[in-house]
Amino acid sequence: MAQQEKYARSQIILHWLVAVLIGANYLLGDFMGEAFERVIDTGVVGDIGLAANSHRAIGVAVILLVLVRLVLRWRLGAPAESTAGPLWLQPAAKAGHVALYALILAVPITGAVAFNGQIEALGEVHEALTSLLLLLVLGHALMAIYYHVVLKDGLLNRMR
């Protein structure tokens, strides 16, 4: 894995594209929830509507794009980790990134399995994981701002 000063343009584009798609899917979540309830009640998928179908398509796109991101990270590497701030931030940042990737994959996978298998309990797990993902995304953004504004380590320059 190569060491670089900042992320490659492709990595940056994929980062922000996945972020936008996750945000869009969050906004479409209520439509998918209603469609899922109809499927559970009737046992028939039928026409679930454009918003719910878009939610499903975006979920698949997120999975594929994250897998591409992981391959690019493996092939292109990443900038050196920041050494600014307290020592405990480094393992916390690693754990946070692993958790983000795990949830970014787990959320659409649990949603797809719940919907296609008509498993109501898994749909509830999907919703809980979505909430957890949003909290981690918020923490990720706040920590990026903290590193940039308080620690002044240039972290945000790696993603532009």
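In this chain, 78% of the contacts with a separation of 6 or more are between residues 24 or more positions apart, a contact being heavy atoms within 4.5 Å. The model is a predicted one, where local features need pLDDT of at least 70, side-chain atom pairs count only at pLDDT 80 or more, and totals for chains, interfaces and linings use all residues. Residues are numbered from 1 along each chain as its sequence is written, and side-chain values use heavy atoms, with hydrogens and water left out.

On to the overall layout. The chain has 4 helices and 2 strands; these are DSSP runs numbered from the N terminus, helices being H or I with at least four residues and strands E with at least two. Read from the N terminus, the order is β-α-α-β-α-α. The C-alpha trace spans about 55 × 30 × 20 Å along its principal axes. Of the 160 residues, 33% are buried (under 20% relative accessible area, with exposed over 50% and partly exposed in between, using a 1.4 Å probe and protein chains only).

Now for the helix pairs. Helix 3 and helix 4 (residues 120–149) pack with their axes 9 Å apart, at an angle of about 150°; axes are lines fitted to C-alpha atoms, for helices over the stretch in contact, and angles run from 0 to 180 degrees between N-to-C directions. That angle makes helix 3 roughly antiparallel to helix 4 (over 145 degrees; under 35 is roughly parallel, 65 to 115 roughly perpendicular and the rest oblique). Their contact involves 18 nonpolar residues, 7 polar ones and no charged ones. Here Ala, Val, Leu, Ile, Met, Phe, Trp, Tyr, Cys and Pro count as nonpolar, Asp, Glu, Lys and Arg as charged, and the others, Gly among them, as polar.

Helix 4 also meets helix 1 (residues 9–42): their axes come within 12 Å and cross at roughly 155°, so helix 1 and helix 4 are roughly antiparallel too. Residues of helix 1 in this contact include Tyr26 and Phe36, while Leu133 and Leu134 are among those from helix 4. By class, this contact has 6 nonpolar, 4 polar and 1 charged residues.

What about charge pairs? Side chains of opposite charge can pair when their charged atoms come close. A search of the whole structure turns up 1 salt bridge, meaning a side-chain nitrogen of Lys or Arg within 4 Å of a carboxyl oxygen of Asp or Glu. The partners are Glu81 and Lys94, whose closest N and O atoms are 3.8 Å apart. Glu81 sits in the loop between strand 2 (78–79) and helix 3 (89–117), and Lys94 lies in helix 3, 13 residues apart. Glu81 is partly exposed, at 47% relative accessible area.
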